[in-house]
Amino acid sequence: MTDSTSTRITKRREEQGLNMSELARRLGVTPQSVQQWEAGRNSPRGKRLEALAQILNCSKEWLMFGTSEPESGAPANFIKIPVFDVELAAGAGRHIDMEEVSDWVPIDQDWIYQNGLSPDHLSVVYVKGDSMTPKLEDGDMLLVNTAERRPVSGKIYAIAVENELRVKRLMQRMDGNWLITSDNKNNPEYQDEVIAPYNFENLRIIGQAVKVLMGSL
């Protein structure tokens, strides 16, 4: 078996003397969810990952990346990226406050440089709400590149609208107007917002969404 998040979850669960049903009960999820994690078909995210690490008596960094346990610091080939005490609202906006670093997450430095990113311009924030499902789920940890503030149609961005922080997809129409749009089309509450080019300066782009930690965009 290859060393992966799924194998590490299984390893720690067995070392803690827990079966899948007991672990699921303590997490408040179904046993099927645990089965999917350990089969590698899905992965715990966000605050559920934190709860899992606590129950399994290990760090979430070790579960995600296999860093030395039980230390939470990043090894030499990992770079610690700040987690800001802010939630990107996939739905209604949240007040902007990205001043306080609440935690650090280790990211493989080879992955960072291979993707043309700079560690100095990366940050991690939590997603709140369901307007961007299935790409982004409530509680996801989202890696944001704050150096990329030039909008590219079709990409997902952390944006500020009237001092509220959101995570949305930006789409440019043929007439030059931009749409702030949600991926969740099943909820009529999430309507597209149209911004004319001359009003686009009122939209502050915090950065482009790069990756869901424990997942992909």
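Good morning. Ile 159 stands opposite Ile 205 in β10, and I shall begin with the strands around that pair. This is a predicted model, in which local features need pLDDT of at least 70, side-chain atom pairs count only at pLDDT 80 or more, and totals for chains, interfaces and linings use all residues. Residues are numbered from 1 along each chain as its sequence is written, and side-chain values use heavy atoms, with hydrogens and water left out.

Helices (H or I, at least four residues) and strands (E, at least two) are DSSP runs, numbered from the N terminus. Two strands pair if DSSP finds at least two bridges between them. Strand β6, residues 156–161, runs antiparallel to β10 and is joined to it by five bridges. Strand β5, residues 141–145, also pairs with β10 in the antiparallel sense, over four bridges; here Asn 145 stands opposite Gln 208.

Is β10 enclosed by the rest of the structure, or open? Seven of the 10 residues of this strand, 203–212, are buried, so β10 is largely enclosed. Buried means under 20% relative accessible area, exposed over 50%, and partly exposed in between, with a 1.4 Å probe and protein chains only.

I turn to the helices. Helix α1, residues 5–15, has eight of its 11 residues buried, so it too is largely enclosed by the rest of the structure. Among the buried residues are Arg 8, Ile 9, Arg 12 and Arg 13. The buried residues of α1 pack against α2 (20–27), α3 (31–39), α4 (46–55) and α5 (60–65), where contact means heavy atoms within 4.5 Å. After α1 comes Gly 17, with a positive phi near 70°.

Which residues of α2 meet α4? They are Leu 23, Arg 26 and Leu 27, and their partners in α4 are Arg 48, Ala 51, Leu 52 and Ile 55.

Lastly, two backbone features. Most residues other than glycine have a negative phi, and most peptide bonds are trans. Asn 57, however, has a positive phi near 60°. Asn 57 lies in the loop between α4 and α5, and at 53% relative accessibility it counts as exposed. Thr 133 and Pro 134 are joined by a cis peptide bond, with omega about 5°. Pro 134 is placed in the loop between β4 (122–128) and β5. Thank you.
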